[in-house]
Amino acid sequence: MARVLYIGGLGRSGTTLIERLLGELPGMCALGEVVHLWQRDIRDDERCGCGAAFSACDFWDAVGERAFGGWHQVDVYRVLALREMVERTRHIPRLAAARLPEDHVELIEEYAGYYSAIYEAAAMVSGASVVIDSSKHSALAHCLRWAPGIDLRVVHVVRDARGVAYSWTKTVVRPEAGDGAEMTRYSPTRSALLWNAHNAAFGLLARRGVPVRRVRYEQFLADPRRGLRELAGFAGLDVSAADLDFVTEERAELKPVHSAAGNPMRFTVGQVPLRRDDTWRSALPPTQRRLVGAVCAPLLRAYGYPLRSSR
Ligand SMILES: [Zn+2]
């Protein structure tokens, strides 16, 4: 049974950094956002985190071979069609039910089966006892809950909704696409609504009995070594002080990873500063700051964020 640490939360909440740091620990293997592997890697052959094109990466070649007898055996359009049928945010109420509707059981098992196959193969190829999928999407986590053969543990990363909203207004280029393509941008209203929906969905997942550990990104950064030790324990791994030598309170030293897809930070190698980015406190206009604060007030309060943001 593959043990999977699924990193969930709304994008721009720090999930990629947390995945990269966890991936440095012995016994862990970070896979990136597996949800995008079908389209961006198998179909479009975008770059792996190691820098090679997906089709030229030895790690993913071995994983594809073991999981499916080669990636060419995977019907990407079938996977994408399944995703459309079962893994949308609007499907969460159905996925979170005590029992699945009859006509959905097979579809969800088929869809989740593709992920199980990858997790198992990646664990074998890497020799790791835990694989990390930072797909983030709450609907996928709800699908994986139904997958046989997965020991699913979810790290739910939350970051102050106003910081997240500010981040979604910024332009970020996707280097792996190679054509100057940019990452999606959202208005603060849109990201505030998404923040509520996705975070609530992870709360629901926990109430359905899935092990979910919530991490406040800002708190994690205040003491990353402690945060990593706790998350490793949650994943069932013991880490020694020496295992954490790559990270201090100010910075971490990162090695290349075979991250399938995700935030451009997955290409970062070497020293990275670990710093809270509070730019939003001055850069997000006060009206938008108040709007996001009001829309997200109940969960911000529940997570322990102060509602009045001082500059
Ligand atoms: Zn690679």
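# A walk through the pockets and the zinc site

Start at the largest pocket, where helix H8 supplies four residues to the lining, the most of any contributor. You are looking at a predicted model, in which local features need pLDDT of at least 70, side-chain atom pairs count only at pLDDT 80 or more, and totals for chains, interfaces and linings use all residues. Residues are numbered from 1 along each chain as its sequence is written, and side-chain values use heavy atoms, with hydrogens and water left out.

**Stop 1: the largest pocket**

This pocket holds about 1,400 Å³ of space. Of its 48 lining residues, Gly 11, Arg 12, Lys 136, Met 183 and Asn 263 are the closest to the centre, so select those five to find your way in. Here a pocket is an open set of points on a 1 Å grid over the protein atoms alone, with protein on both sides within 12 Å along at least five of seven lines, while a cavity is a set where a 1.4 Å probe fits but cannot get out; lining residues have an atom within 4 Å of a point. Grid points are joined across faces, edges and corners, and the volume is the space filled by probe spheres set on the points.

Now colour the elements around it. Helix H1 (15-23), helix H2 (37-43), helix H8 (161-169), helix H9 (188-207) and S7 each supply at least two lining residues. Helices (H or I, at least four residues) and strands (E, at least two) are DSSP runs, numbered from the N terminus.

What is the lining made of, by class? It divides into 15 nonpolar, 17 polar and 16 charged residues. Nonpolar covers Ala, Val, Leu, Ile, Met, Phe, Trp, Tyr, Cys and Pro; charged covers Asp, Glu, Lys and Arg; the others, Gly among them, are polar.

**Stop 2: Arg 12**

Stay with Arg 12, in the loop between strand S1 (2-8) and H1. Its phi is positive, about 70°, although Arg 12 is not a glycine. Is Arg 12 buried or exposed? Arg 12 counts as buried because its relative accessibility is 12%. The cut-offs are under 20% relative accessible area for buried and over 50% for exposed, with partly exposed in between (1.4 Å probe, protein chains only).

**Stop 3: another positive phi**

Next, pick Asp 45, in the loop between H2 and helix H3 (58-68). Asp 45 has a phi near 50°, a positive value in a residue other than glycine. With a relative accessible area of 32%, Asp 45 is partly exposed.

**Stop 4: the zinc ion**

Which residues hand donor atoms to the zinc ion? Show Cys 48 (SG), Cys 50 (SG), Cys 57 (SG) and His 258 (ND1), which lie 2.1 to 2.4 Å from the zinc ion. Donors are N, O and S atoms within 2.8 Å of the metal (3.2 Å for Na, K and Ca); water is not among the atoms, so sites may look incomplete. Along the sequence, the spacing of the donor residues is C-x1-C-x6-C-x200-H.

Why is the arrangement called tetrahedral? Because the four donor atoms subtend angles of 94 to 119° around the zinc ion. Four donors count as tetrahedral if all angles lie between 85 and 135 degrees; four count as square planar and six as octahedral if opposite donors are over 155 degrees apart and all others between 65 and 115; anything else is irregular.

**Stop 5: Lys 255**

Select Lys 255, in the loop between strand S6 (251-254) and strand S7 (270-273). Lys 255 is exposed, with a relative accessible area of 52%. Leaving out residues up to four places away in sequence, Lys 255 touches Arg 20, Glu 24 and Val 269; contact means heavy atoms within 4.5 Å.

**Stop 6: the second largest pocket**

This pocket has a volume of about 270 Å³. Strand S5 (212-216), helix H10 (217-222) and helix H11 (224-234) are the elements giving two or more residues to its lining. By class, the lining has four nonpolar, two polar and six charged residues.

**Last stop: a cavity**

How many cavities of 30 Å³ or more are there? The count comes to one, and the largest cavity holds about 30 Å³ of space. Its lining is Arg 159, Tyr 217, Glu 218, Arg 276, Asp 277 and Asp 278, which makes one nonpolar, no polar and five charged residues.
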